[in-house]
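Let's take a walk through this fold, starting with the sheet and ending in the core. Keep your viewer open as you read.

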Amino acid sequence: MLFRKRFKKNMQLTLDPNQFCTVWEAQNYECAYKFTITTQAIHYNLFFQNGVFLGQPLPNGGLLYPFSKNPIKKGSRAQKRKIVSAKVICLSNQFVFKIKWGINDFTLHDRDGRDYLVGASGVIYAKLDPTDDQSPNKFYRSLLSQFDSSKMTTEAVCNYLKEAFENEIGDAIEKTLANYPIMLGDLTALTPSQKLEISDITAERVHGIFDHFGCTIDMVASRNSFLGGLSIRPSNLVKPRDK
């Protein structure tokens, strides 16, 4: 059976301004053995052959030969026959995810024997970990591969990461306040320095929450917004709901 080659000439692999991921993949019969892809230095360009992740052969961009044994050099027809499939995933390295989070009141029992209601909210900034060469692959494999990654918006990614974060942040705040030297009754009117200190301690507890996704919290960018809102008040001040 004869197949028509779809990819013969060079392809420019780029991202639209509001896009952060695109995926190109093909079988060997769909491409000429001399077919090339031009990648950009401003992107993470993940390369796969026969379903195996082979890293980023061209971290600074350039010509990629998807069906060559050495993807940065032109291969032969014989090499192409041994490579059944190839895939290139292009991820923007310019994105920082702005994640707005918030948790409803939860009850803490303090050392004075009283119950207090604690609520919190804030904004964190997350990005692919620039110190981890595997970070873009983790991000694609653990998150983007579950969806149509070419249509995945930053808002959708933020919402996904937000759910993971909010599941942990409540426990982290509880541990911070339980070990804080000042009792909750004396924190109902937080000073700016107390709030910042509680924020910094809590941030340290959750700074690795996105490791599984290949992301890291930008602590410098997030410091002043990480714990934007924190309220602590005696639970007996809460009015009962009308029946």
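What follows goes through a sheet, a helix on it, a hairpin and the nonpolar cores.

First, some ground rules: this is a predicted model, where local features need pLDDT of at least 70, side-chain atom pairs count only at pLDDT 80 or more, and totals for chains, interfaces and linings use all residues. Residues are numbered from 1 along each chain as its sequence is written, and side-chain values use heavy atoms, with hydrogens and water left out.

Start with the open sheet of 4 strands, ordered β2-β7-β4-β5 with antiparallel pairing. Strands here are DSSP runs of E with at least two residues, helices are runs of H or I with at least four, and both are numbered from the N terminus; two strands pair if DSSP finds at least two bridges between them. β2 (21-27) and β5 (52-53) sit at the edges with a single partner strand each, so one side of each has no neighbour in the sheet. β2 is joined to β7 (residues 85-92) by 7 bridges, running antiparallel, and W24 stands opposite V88 in β7.

Now look at what packs on this sheet. Helix α2 (residues 135-142) touches β2, β4 (43-49), β5 and β7, and its direction makes about 70° with that of β4. That angle is between N-to-C directions, on a scale from 0 to 180 degrees, using lines fitted to C-alpha atoms, for helices over the stretch in contact. Contact means heavy atoms within 4.5 Å. N137 belongs to α2 and is buried, at a relative accessible area of 6%. Buried means under 20%, exposed over 50%, and partly exposed in between, with a 1.4 Å probe and protein chains only. Leaving out residues up to four places away in sequence, N137 touches L46, F48 and F53.

In the loop between β4 and β5 you'll find N50. Its phi is near 50°, a positive value in a residue other than glycine. Most residues other than glycine have a negative phi. N50 is partly exposed, at 40% relative accessibility.

Elsewhere, β8 (residues 97-109) and β9 (residues 115-128) pair antiparallel over 11 bridges. They form a hairpin with 5 residues between them, and G113 in the turn has a positive phi of about 85°.

Finally, the cores: sets of buried Ala, Val, Leu, Ile, Met, Phe, Trp, Tyr and Cys residues joined through side-chain atoms within 4.5 Å. In the largest, with 46 residues, F139, L144, I173 and F210 touch the most other members. Helix α3 (residues 154-178) gives the largest share of this core, 8 residues. Apart from it lies another core of 16 residues, among them W24, I37, F47 and I83.
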